[in-house]
Amino acid sequence: MAHITIEYIIMLPVLILQILLFPLAASWLMNVWVDSRRTLALQEVASHIGSSIQQVYFALNHATVTAKIVTQKVDVPPFIENYPYTGNATLKSVLDPELNSSKVLEITFRLVGVGTTVKTMVILGGNVVWRESTFVSNSTNACITAEKFANGTIRLSFGG
Amino acid sequence: MEQYDCLLEVKQEMAGSTIDHLISVMVFMGALLVFISLFNQTLQTAILYQRHRYLATKCSDLLDNILLNPGIPADWGKSNVTPVGFGLQDPEFTQYRLSPFSLMRLQSSVGEPVYYSRTGLTYSNITMGFGNFLLVPYTEAIDYSVVAKLLGINGTYGFQLAITPIVTVSIEEMQWKNPLILSIKVAGVGFPLANARISYCLLTVSEGGGGPYPSYTVEYGANFTNAQGSVLLKFSNIKNEVSYVFIVYAYLGGLMGMGYYEHVTYSGSYIIPFIDNFAEGRILIAHSYDVHNIGDTAQVTYNATFVVLTKSFTLQSIPVARGNLTYGLGFPYAYVTIPENVRKNPGILVITYRKSTQETGVVLMPWGISSLAFPAVFGGDPTGQEWVVADVRQVIVNGIAYQARLALWSLEGYGVVAKK
């Protein structure tokens with residue numbers, strides 16, 4: 001009678017636990033994969049938008065360009081796995097002495113409804129200002145706007 | 001006796017079923033581990049694929065960022081300042097036109113650095129055979145770590161930027177005197193450039209004359225390549241063996257390349273030019289024995305000339321300085337300054353030298369990397385990296401066609417769960 005107790009009271013739950021572990025493990029791994037996939041996709045978008053901002057800035061910063069407004073539509077998908085994303089930026093002065101006199105635009109992108117966030121940084125010149133704005137990926141007006149003033153200042157912002 | 005047999009059977013049954021269960025548990029555990037491992041591997045492959053794709057996009061963006069902005073300040077290539085924003089675009093142009101001066105300030109990652117004990121400085125080295133030097137002091141050159149910081153990829157990505165000329169102009173000496181015959185072949189990537197116009201300059205070091213300094217004569221000319229992309233040039237005024245340098249520019253449509261060829265009668269001791277100050281166009285010239293501690297210690301006299309390509313594609317030479325050099329202690333070097341009115345344009349510093357009437361030679365240094373179509377390799381070493389992506393762009397450096405190739409790799413590892 002004792003060995004039956006050992007088998008059915010201890011071994012059976014262990015076996016049942018094993019059976020439960022399969023879907024649990026699968027679910028955990030899938031979550032890791034989905035998170036990584038979304039983070040990478042968002043990072044790719046962030047990096048591309050950051051690069052586009054830098055190119056727009058340097059195009060306007062050229063000595064031959066006087067006062068002008070430029071709007072750049074960015075070639076990024078409106079959704080990442082059916083989720084839209086938003087982007088906000090903050091302009092900071094650089095403390096690193098090697099990068100002295102330049103400014104860094106720190107852009108944070110967030111996948112709406114999921115909460116995944118990524119950051120990208122863009123190094124720009126000292127004559128840049130940032131207008132508080134939000135990039136909304138699924139907006140029809142999603143773009144980068146840059147305005148160069150007569151005094152050489154370049155104001156950047158997101159459209160949409 | 002029967003009681004004992006019964007007990008034995010019960011014990012055997014118990015042992016048998018326990019073993020069954022133990023084995024089952026182990027099989028289940030094994031299956032679970034195999035399942036996790038295989039599943040994880042599949043996901044790892046999927047994530048890796050996505051990371052590689054991301055790396056490719058990043059590489060393309062980064063290459064455009066480097067090539068489509070002049071950096072901050074825009075004229076950092078022509079000055080001694082360290083840029084606070086990195087870019088290689090020529091500030092006087094737009095699109096993929098690069099500054100020959102910014103490229104000149106990049107610390108070469110392939111040439112063996114040269115240490116010159118008299119100045120106590122180490123120099124970044126691009127040497128294209130005997131007599132063709134570009135030596136930039138580390139104090140003036142822009143290094144890899146600074147650029148990685150300026151690009152915002154320090155510690156996350158490694159890169160190597162290679163700029164190589166597209167048009168190859170090869171020159172072969174068919175006959176070295178009476179007359180001098182040179183064969184010029186112009187080719188693009190795998191095809192000859194037929195009917196390409198060539199514009200050339202032959203600078204010959206004269207035997208004797210000119211007092212103690214080596215005098216020279218310059219001959220200019222133009223011609224066209226044949227259907228095979230080649231042309232033979234004869235110089236009947238060259239009767240004896242002399243030192244000379246032949247510089248040629250070839251252009252067809254918007255495509256331009258350049259080539260050069262030197263012949264020296266003496267290379268025991270010669271002149272080595274080092275960049276000293278970019279903003280002031282100052283070049284330090286040293287005796288070869290002082291730098292390498294090999295060869296002849298004999299004094300040499302020199303005559304420096306700056307050769308520029310004019311807007312009408314003709315070459316023009318401007319005398320710069322002359323003097324003599326002896327190896328030794330203290331400050332046994334001289335300075336040559338490129339005239340202010342021409343130093344903003346790329347050109348070639350041609351230094352003829354002479355030990356005796358018959359022992360002469362000539363060395364070249366580009367002022368702006370494109371003047372001698374020098375290649376440039378800058379950045380880290382991609383060898384041994386797990387995954388390297390590359391992207392290319394066709395660019396123009398002061399009219400010369402080049403290809404810019406950026407190789408990029410991640411420094412953050414490739415796990416399924418990204419490093420924080």
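This is a predicted model: local features need pLDDT of at least 70, side-chain atom pairs count only at pLDDT 80 or more; totals for chains, interfaces and linings use all residues.
The predictor assigns the complex an ipTM of 0.79 and a pTM of 0.84. For chain B, the mean pLDDT is 87, and 93% of the residues score at least 70. Within this chain, confidence is highest in strand 5 (residues 157-165), at 95, and lowest in helix 1, at a mean of 78. Over residues 415-420 of chain B, pLDDT stays under 50, and the model has 13 contacts beyond four places in sequence for this stretch.

The contact between the chains takes 39 residues from chain B and 36 residues from chain A. On the side of chain A that touches chain B, helix 1 (2-61) and strand 4 (117-124) of chain A each supply at least two residues. The largest share of that side, 25 residues, comes from helix 1 of chain A. By class, the side of chain A that touches chain B comprises 17 nonpolar, 15 polar and four charged residues.

Two residues, one in each chain, illustrate the surroundings of these elements. Asp61(B) belongs to helix 1 (residues 2-67) of chain B. This residue counts as buried because 21 C-beta neighbours lie inside 10 Å. When neighbours within four places in sequence are left aside, Asp61(B) is in contact with Ser47(A), His48(A) and Ser51(A). Asp61(B) and Asp391(B) are separated by 330 residues in sequence, yet their C-alpha atoms are 9.7 Å apart in space. In chain A, Val118(A) is found in strand 4. Val118(A) is likewise buried, with 21 other C-beta atoms within 10 Å. Its contacts, again leaving aside neighbours within four places in sequence, are with Thr39(A), Leu42(A), Gln43(A), Ala46(A) and Phe109(A). Thr108(A), 10 residues from Val118(A) in sequence, is 5.8 Å from it in space, C-alpha to C-alpha.

The largest nonpolar core has 132 residues, of which Ile247(B), Val248(B), Ala250(B), Ile271(B), Ile285(B), Leu349(B) and Ile351(B) touch the most other members. Helix 1 of chain A gives the most to this core, with nine residues. Not counting residues up to four places away in sequence, Ile247(B) touches Tyr200(B), Cys201(B), Tyr260(B), Val307(B), Leu315(B) and Ile348(B).

Strand 15 (residues 300-309) of chain B is joined to strand 18 of chain B by seven bridges, and the two run antiparallel. Along this pairing, Tyr302(B) has Tyr353(B) as its bridge partner, and Phe306(B) has Leu349(B). Eight bridges connect strand 18 of chain B to strand 19 (residues 360-367) of chain B, also in antiparallel fashion. Here Ile351(B) stands opposite Val363(B). Strand 18 and strand 19 of chain B form a hairpin with five residues between them.

Strand 18 (residues 347-354) of chain B is largely enclosed by the rest of the structure, because eight of its eight residues are buried. In a regular strand, side chains alternate between the two faces of the sheet. In strand 18 of chain B both faces are covered: Gly347(B), Leu349(B), Ile351(B) and Tyr353(B) are buried on one side, and Ile348(B), Val350(B), Thr352(B) and Arg354(B) are buried on the other.

Another open sheet of chain B has three strands in the order 13-14-17, with antiparallel pairing. Its edge strands are strand 13 (271-277) and strand 17 (334-337) of chain B, each of which pairs on one side only. Neighbouring strands of this sheet are turned by 35° against each other on average, direction ignored. Strand 13 of chain B and strand 14 (residues 282-287) of chain B run antiparallel and are joined by six bridges. Within this pairing, the bridge partner of Phe274(B) is Leu284(B), in strand 14 of chain B.

Technical notes. Residues are numbered from 1 along each chain as its sequence is written. Chains are lettered from A and ligands numbered from 1 in the order in which they are written. Two residues are in contact if their C-beta atoms, placed from the backbone, lie within 7 Å. Helices (H or I, at least four residues) and strands (E, at least two) are DSSP runs, numbered from the N terminus. Ala, Val, Leu, Ile, Met, Phe, Trp, Tyr, Cys and Pro count as nonpolar, Asp, Glu, Lys and Arg as charged, and the others, Gly among them, as polar. A nonpolar core is a set of buried Ala, Val, Leu, Ile, Met, Phe, Trp, Tyr and Cys residues joined through C-beta atoms within 7 Å. A residue is buried if 20 or more other C-beta atoms lie within 10 Å of its own, exposed if 12 or fewer, and partly exposed in between; C-beta atoms are placed from the backbone. Two strands pair if DSSP finds at least two bridges between them. pLDDT is the predictor's confidence in each residue, from 0 to 100. Axes are lines fitted to C-alpha atoms, for helices over the stretch in contact, and angles run from 0 to 180 degrees between N-to-C directions.
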